[in-house]
Amino acid sequence: AVCGLACSVAPQQPITNVEIKGFSALPDVYSKYSRDQLNEIAAGGTLILMQDRIGGTVYVRHQISTAYSDGNLNDTELSLVKNLDSISYYFANRFAPYIGRYNVTEDLLTELKGVLKDGLAYLETATEGSKLVGPQIIAEGTEVRQIYRSTEEKDKVYANVALNLPAPFNKFDLHLQVI
């Protein structure tokens, strides 16, 4: 059910606090475990489906990935993990027509760098669904750092790209001042 939900939204879209269909009751989460116990379970890297009360909405408590790493959003947040996977598949498809058809030359490296830059430009502007979700890549900080021929394997090209991925909005600190 969680996989279906995650696949039904844009790769970069978080699913924390999003309703999950197919369940009518999860009584253990509101009757068996305390809030502190649920926090401890989540801190250990477990995605929890939540229901606050009888008949209440069933939702994802926090979109924790199976690669949970305390303090590392890139590994912990499912939207960041699936966004990076989506981007890697996107570029694998973009470069597939070149592999095995050309020789490693300066002209090829220039062409591949252009394909990279063009793909990044697309991912920096393409949004699916809500504009509040935004594009898959944030332009600021994203850049092609290097593209070069391997010195060990003459038929291999390396590319190094810095990606700035959008982070999920998990926290909000509001200060109200009465005057």
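The following exercises, each with a worked solution, concern a predicted model.

Residues are numbered from 1 along each chain as its sequence is written, and side-chain values use heavy atoms, with hydrogens and water left out. Because the model is predicted, local features need pLDDT of at least 70 and side-chain atom pairs count only at pLDDT 80 or more, while totals for chains, interfaces and linings use all residues.

**Exercise 1.** Determine where Gln63 lies, whether Gln63 counts as buried or exposed, and which side chain Gln63 joins in a polar contact.

*Solution.* Begin with the position: Gln63 belongs to the loop between strand 2 (59-60) and helix 4 (73-76). Helices (H or I, at least four residues) and strands (E, at least two) are DSSP runs, numbered from the N terminus.

Next, consider accessibility. Buried means under 20% relative accessible area, exposed over 50%, and partly exposed in between (1.4 Å probe, protein chains only). Gln63 has 0% relative accessibility and therefore counts as buried.

Finally, examine the partners. The side chains of Gln63 and Ser79 are joined by a polar contact of 2.9 Å. Such a contact is a pair of N or O atoms within 3.5 Å; within protein, one must be able to donate a hydrogen and the other to accept it, and residues adjacent in sequence count only if both atoms are side-chain atoms. Leaving aside neighbours within four places in sequence, Gln63 is in contact (heavy atoms within 4.5 Å) with residues including Pro14, Leu47, Ser79 and Pro168.

**Exercise 2.** Locate Gly55, classify Gly55 as buried or exposed, and state how far apart Gly55 and Leu26 are.

*Solution.* Gly55 is found in the loop between strand 1 (49-50) and strand 2. With a relative accessible area of 67%, Gly55 is exposed. Gly55 and Leu26 are 29 residues apart in sequence, and their C-alpha atoms are 9.2 Å apart in space.

**Exercise 3.** State how many aromatic pairs the structure holds, and classify the pair Tyr98 and Tyr102 and the pair Phe169 and Phe172.

*Solution.* Rings of Phe, Tyr and Trp (its six-membered ring) pair if their centres lie within 6.5 Å; planes under 30 degrees apart count as stacked, over 60 as edge-to-face and the rest as tilted. The structure holds 6 aromatic pairs. For Tyr98 and Tyr102, the ring centres are 6.0 Å apart and the planes stand at 45°, so this pair is tilted. For Phe169 and Phe172, the centres are 6.1 Å apart and the planes stand at 80°, so this pair is edge-to-face. Both Phe169 and Phe172 are exposed.
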